[in-house]
Amino acid sequence: MSAVKYDLIVVGSGPSGQRAAVAASKLKKKVAIVESRSVVGGVCINTGTIPSKTMREAVLHLSGYNYRTVYGMNYRVKEKITMADLAFRVQGVVKTEVDVTEAQLSRNGIDVIHGVAHFVTPETLRVEGPETSTTLEAARVIIAVGTRPATSDQVPINGRTIINSDQILDMPKLPRTLIVVGGGVIGVEYACMFAVLGVRVTVIEKRNKLLEFADQEIVETLSYHLRDSRVTMRLGEELASVEELEDGTVVANMQSNKRISGDALLYAVGRQGNVEDLQLENAGLKADSRGRISVDENFQTSTPSIYAVGDVIGFPSLASVSMEQGRIAVARAFNDMITVSNPGFYPYGIYTIPEISFIGKTEEQLTDEDVPYEVGMAYYREVARGQIRGDTTGRLKLIFHRDTRKVLGVHIIGENASELIHIGQAVMTLGGTVDYFIETVFNYPTLAECYKIAAFNGVGRLHRYQ
């Protein structure tokens with residue numbers, strides 16, 4: 001059978017694949033997306049980012065969390081919250097996002113082919129669909145297959161009481177106690193959500209710190225909130241095995257001989273690249289033990305005609321960054337070397353409760369690099385908006401160079417952190433200094449005022465020894 005020819009084939013329709021396909025269509029290229037699921041959107045829309053953030057919003061609303069400091073700790077919008085309550089909101093948002101993505105791909109003239117793709121040659125892919133198979137050919141291919149939750153022989157996932165992050169909403173009921181194995185972004189985000197719902201959560205993490213890549217002062221603040229929500233943290237502990245008892249109780253056996261029991265266990269230790277079906281060897285490629293594909297700064301693999309983007313290439317595995325990777329990969333694939341993007345100015349958003357967002361360097365990194373810096377701090381309780389919103393525990397940390405006064409990093413924990421960070425991002429991207437915040441008038445009352453307060457605080461420290 002003769003192959004259908006395209007200028008570009010994108011394998012995967014998550015954020016990186018979608019953005020890559022649209023970018024190529026804007027260049028008047030003939031593009032096809034191959035998606036193994038029956039719906040587009042990848043992990044991000046269907047089981048990952050969108051469902052988890054929607055569930056978080058439902059948790060915050062139904063539990064009345066944001067207004068407990070105003071109306072009392074027992075305030076709740078709904079007394080008995082069920083998994084069905086959470087799933088209802090998630091399903092509505094997911095359906096809308098799928099529809100929006102399908103409409104965007106259609107509007108840009110992109111062919112969507114459902115089926116499992118594998119390489120025949122570096123330029124040829126065979127797609128085995130639910131009803132028919134087809135062969136595609138293109139001079140350039142972008143791999144954007146994403147990842148799935150990693151598995152372990154010690155953890156017998158059953159989809160009911162022992163689950164991974166894709167199966168959260170499949171739990172038949174809200175557990176009274178939950179064990180979360182993994183202190184990374186996914187594990188900590190879900191630990192926060194269930195703790196707010198009143199579930200007694202135990203977090204098991206083999207490292208001695210949560211979220212090692214984030215500013216440690218911010219992480220310490222989050223850890224305080226977790227403990228205040230009755231979360232038990234077992235740091236520096238490694239899982240040996242998991243078993244389900246006859247009465248349905250789940251027991252986590254630790255290598256330190258501890259035994260931790262709960263109604264359910266969430267295994268959230270790492271993710272694995274979805275590369276098994278690709279037959280990468282036919283394209284001259286090889287993935288590592290975690291299914292990750294190596295790329296250069298242009299997202300080009302060792303086979304020149306093939307690029308890889310998104311979670312399948314590893315850290316930071318953020319939807320926002322994946323989109324940008326897809327855009328840059330297409331630019332380079334079609335010889336556009338002018339389009340640029342600076343990873344140093346990518347923001348991070350961690351949707352814990354309270355949420356965390358940051359950009360630039362941490363204090364730990366700057367100390368290791370011997371950079372002379374100063375810190376300015378502002379607390380939500382110091383601004384009227386913080387009192388109005390009922391968030392009196394949030395804080396904004398501004399790090400700037402002691403001599404040039406250039407902003408080097410912004411770290412926020414609290415209400416709207418992932419939105420507030422973009423003010424700092426704009427200033428950093430444009431090479432601004434801490435003086436911008438001092439000389440700028442912010443709306444009142446807003447949380448954005450924290451930038452001004454932090455700037456005054458930091459500059460005040462400078463004056464003490466200058």
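These legends accompany close-up views of a predicted model.

**View 1. The open sheet of five parallel strands, β8-β15-β9-β10-β11.** Let's start with the sheet, where 5 strands are paired in parallel in the order given in the title. At its edges sit β8 (162-164) and β11 (232-235), each of which pairs on one side only. From one strand to the next, the twist averages 20 degrees.

**View 2. Strand β10 beside its partner β11.** Here we zoom in on residues 200-205, which make up β10; this strand and β11 are joined in the parallel sense over 4 bridges. Look for Val 203, which stands opposite Met 233 of β11.

**View 3. Helix α6 lying across the strands.** Helix α6 covers residues 185-196. This helix lies across β9 (177-181), β10 and β15 (264-267), and runs at about 165 degrees to β10.

**View 4. Helix α3 packed with helix α6.** The axes of α3 (residues 49-63) and α6 are 9 Å apart and meet at an angle of about 20 degrees. Because that angle is under 35 degrees, α3 counts as roughly parallel to α6. The crossing of the two helices is left-handed. On the α3 side, the contact is made by Ser 52, Lys 53, Met 55, Arg 56, Val 59 and Ser 63, while α6 brings Glu 189, Tyr 190, Met 193, Phe 194 and Val 196. Sorted by type, these contact residues are 6 nonpolar, 2 polar and 3 charged.

**View 5. Thr 303 in the loop between β16 and β17.** Our last stop is the loop that runs between β16 (271-273) and β17 (306-308), where Thr 303 is found. Thr 303 has a relative accessible area of 12%, so this residue is buried. Beyond its neighbours within four places in sequence, Thr 303 is in contact with Pro 122, Ala 283, Gly 284 and Leu 285.

Key. Residues are numbered from 1 along each chain as its sequence is written. This is a predicted model: local features need pLDDT of at least 70, side-chain atom pairs count only at pLDDT 80 or more; totals for chains, interfaces and linings use all residues. Side-chain values use heavy atoms; hydrogens and water are left out. Buried means under 20% relative accessible area, exposed over 50%, partly exposed in between (1.4 Å probe, protein chains only). Contact means heavy atoms within 4.5 Å. Axes are lines fitted to C-alpha atoms, for helices over the stretch in contact, and angles run from 0 to 180 degrees between N-to-C directions. Angles under 35 degrees count as roughly parallel, over 145 as roughly antiparallel, 65 to 115 as roughly perpendicular and the rest as oblique. A crossing is left-handed if the near helix is turned anticlockwise from the far one by less than a right angle, and right-handed if clockwise. Ala, Val, Leu, Ile, Met, Phe, Trp, Tyr, Cys and Pro count as nonpolar, Asp, Glu, Lys and Arg as charged, and the others, Gly among them, as polar. Two strands pair if DSSP finds at least two bridges between them.
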